[in-house]
Amino acid sequence: MRSNGGGSWRQNQFLLIYVAMIMFTVAQVKGNISASDISILYKRLGDNEPLCSCDQCSKLKVQDLRTYTTGAGISNYSDEKDINVIVAYSDISGAVRTSSVKAEDLSSSWIWENPLGNKLPHHVKDPQIQLKNDHHTPVDGQLDGDRIQHLGKSAIKPVKLLRKKLREERWKQRTAELIRQEKEMDNQMQEAAIERSQNLDTTAKTQYSIWRRDYENPNSDSTLKLMRDQIIMAKVYATIAKAKNDTGLYTSLIKHSRESRDAIGEATTDTELDLSALEHAKAMGHALSVAKDQLFDCLTVARKLRAIIQSTEDNINAMKKKSAFLTQLAAKTVTQPLHCLSLLLATDYYNLQDTQKKDLDKAKVEDPSLYHYAIFSDNVLATSVVVNSTLTHTAEPEKHVFHVVTDKLNFAAMKMWFLANLPPKATVQVENIDDFKWLNSSYCVVLRQLESARMKDYYFKANLSSSLSVGADNLKYRNPKYLSMLNHLRFYLPEVYPKLEKILFLDDDIVVQKDLTPLWSVDMKGMVNGAVETCKESFHRFDKYLNFSNPKIYENFDSNACGWAFGMNMFDLREWRKQDITGIYHHWQNLNEDRTLWKLGSLPPGLITFYNLTFPLQRSWHVLGLGYDPALNKTEIDNAAVVHYNGNYKPWLDLAISKYKSYWSRYLTSDNPYLQHCKIIQ
């Protein structure tokens, strides 16, 4: 650095001090002063120009402090690329050095900004700005920190302002969206809680709690469990005492066991125990302590406990079989009210004069342009509910024709019911299956098989006592309904209704909740059977119904193929006749004469007969399980067009699941004299 006299040398010394202070201040404010601020200050200092004017330093003036102003208060110099950025630093020896960087060499991330902010003083007319004289003016050439900070508060470019504004708007929108989602979630939780409270079954007679198990007292039956364990151990030690001829101890243990059982009674929690139960538990504990001291042997006690476990398991299995038998018996036996209804209706029918028996409009019965339903049943009450529920939800009942087929035993009762309770405008045809002369053993494979000695032995073997010893599955397939041709008549629909083109098959244990006429408009894409599939993950696939260990099944069918439901099926009778579906059914029934391909029933042969010929309907058309599953989704039931009580718990039985029974009973006529007389409705 060159010396130009004493004053010039002193001024250069001040310049170095200014540079060092500016760099220190820049580091303190952490980037609040832009590159343009520093470059302008350094440029003026390098030109030996004073920074400000005040009373103490009247000769210090700003000669060339420029600003970049546009309409928004920000613009660029035309020659901003020529500005040098001066940097001061100390080298290894400690000497102060300076260097400069051209502005044009800086990266594009550097932004030139107005050091005085967006708003300029009103008296400034040109780019040269005079600083006001105030108390922040530096003394003796020193720039104070506040002034540097003021200069560092540079204006923000419009692009940055726009980005900041957009960020704030996005934050507001996101906050509003989160608040809305939280409110929706709260509303959904409230609605779900209200729905669960409305569906709560308050008619339960047994021990029941609406609270989660977390809220139950874990020790609510501790005394009860203790007494039951004592009875088991007393039984073990009593057996050992008897084997060792210790009569006194044996008698004591048996006596305490009997007293403990009497104290327990039917209790399921400690609160239900008799007041003396605790005293009996203490007495039993003393007796067991004595027995343990005299008789305990680890191997002997373990052997006795294993024997008790084995005996208990045998008893449980026997009870399960008896329960399955009694459930089947209760489900398939005609109840007294239903028997009363059939007898009363049959008596009235045979007392009618021939003139009182109305003739059907045969033109409507055979008109393919109308909506036709097939119902094959021997249950008068169930059939009436199917017809009533279907007509309740249709707008044009005169276009609906119901074809009811029953057996000879129930024909009179079924006929009389619909004579006395004929739905307005609709047509109901009642037929006797015994009048179908073409349905004989020479044509129908199932009838021929039922007449065989092997089948008679299976159903009517003399050793009836063994029925209680067979498993639940065998009992299921010994169901008398599999002997009835009403169950297999569904495979002969084209023969029963030769002039119809489409027909909707309905089981007698279903309830219709919506208009079914749109089913006739469904494009089945050349398929014969329209049905709802029953597959859920791995359940209800072909391997559940068919014996895939048999090569005849394994080679012709896919074990993972989805099963479907009989109960509501749309059949295209034109395609049926074209593809000879009845012939396919006969072929596989002949192959299964020894029951090795599938067990008895109509669903397995149906799956085989309509394999790759079934069009899947939407699930909302048909919801199953109301006859066995108490955990079905209520919303699905309410939204279903048809609900199906498949299973043993039919809605007309006392076995019915109580919360599902109302869907069926609402279609019974409460003022019907037949139902009141037989106490079906009281």
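Biologist: Is Cys-444 buried or exposed?

Modeller: Buried means under 20% relative accessible area, exposed over 50%, and partly exposed in between, with a 1.4 Å probe and protein chains only; Cys-444 has a relative accessible area of 0%, so Cys-444 is buried, whereas Cys-298, at 53%, is exposed. This is a predicted model, in which local features need pLDDT of at least 70 and side-chain atom pairs count only at pLDDT 80 or more, while totals for chains, interfaces and linings use all residues. Residues are numbered from 1 along each chain as its sequence is written, and side-chain values use heavy atoms, with hydrogens and water left out.

Biologist: How many disulfides does the count come to?

Modeller: A disulfide is a covalent bond between the sulfur atoms of two cysteines. It is taken here as a pair of cysteine sulfur atoms within 2.5 Å, and by this rule the count comes to two. With the bonded cysteines numbered in sequence order, the pairing is 1-4, 2-3.

Biologist: What is the handedness of the disulfide of Cys-340 and Cys-678?

Modeller: The torsion about the S-S bond of Cys-340 and Cys-678 is about -75°, so this disulfide is left-handed; its sulfur atoms lie 2.2 Å apart. Cys-340 is partly exposed at 23% relative accessible area, while Cys-678 is buried at 5%.

Biologist: And what is the torsion about the S-S bond of Cys-535 and Cys-562?

Modeller: That torsion is about 140°, so the disulfide of Cys-535 and Cys-562 is right-handed; the sulfur atoms are 2.1 Å apart, and both cysteines, Cys-535 and Cys-562, are buried.
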